[in-house]
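Student: Hey, pick one part of this and take me through it up close, please. I'd like the cut-offs along the way.

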Amino acid sequence: MNLTPEEVQSLKILKENTEKITQEFGLIKLATLNLEAREENAENLLVKLKTQETQIVKALEEKYGQGSIDIDKGTFTSAK
C-alpha cells in the first residue's frame, strides 16, 4: 500500500522541521557554551582587577598615607 503524495509531503515537512529544530538547539547550546566561557573570562579579569586595585591602593597608602586622590589632576590630599 502506497502513501498518498500529501502524506509523503507531510512527513517530509515534519522531517525537515525536526532537523531544523535539532540544528537550532545545537546552535543555542554552542552560544550558551560561548557565553559561559565569556562569563568565566570576565570573572577572571574582575578578580585580577580587584587584586591590582588592592596592590595599588596599598602602595599609595604606604607612600602617601591615607587620603584622597584626584586622578584627573594627579594630586593627593592627605586625610589629616
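Tutor: Contact here means heavy atoms within 4.5 Å. This is a predicted model, so local features need pLDDT of at least 70 and side-chain atom pairs 80 or more, while totals for chains, interfaces and linings use all residues. Numbering starts from 1 along each chain as its sequence is written, and side-chain values use heavy atoms, without hydrogens or water.

Let's start at Leu3, in the segment before H1. Leaving out residues up to four places away in sequence, Leu3 touches Val8 and Leu11. From Leu3 to Lys15 you go 12 residues along the sequence and 16 Å C-alpha to C-alpha.

Helix H1 itself (a DSSP run of H or I, at least four residues) covers residues 5-64, and Glu39 sits in it. Glu39 has a relative accessible area of 47%, so it counts as partly exposed (between 20% and 50%, 1.4 Å probe, protein chains only). Together with Glu36, Glu40 and Glu43, Glu39 forms a negative surface patch (over 30% relative accessible area, no salt bridge, like charges joined within 9 Å, nonpolar side chains within 5 Å; a salt bridge puts a Lys or Arg side-chain nitrogen within 4 Å of an Asp or Glu carboxyl oxygen).

Leu60 is in helix H1 too, and is partly exposed because its relative accessibility is 31%.

Terms used:
Accessible areas come from the Shrake-Rupley method with a 1.4 Å probe; for residues, only the protein chains shown count as cover. Lys and Arg count as positive and Asp and Glu as negative; His and the chain ends are not counted. The place of a charge is taken as NZ of Lys, CZ of Arg, CG of Asp or CD of Glu. Helices (H or I, at least four residues) and strands (E, at least two) are DSSP runs, numbered from the N terminus.
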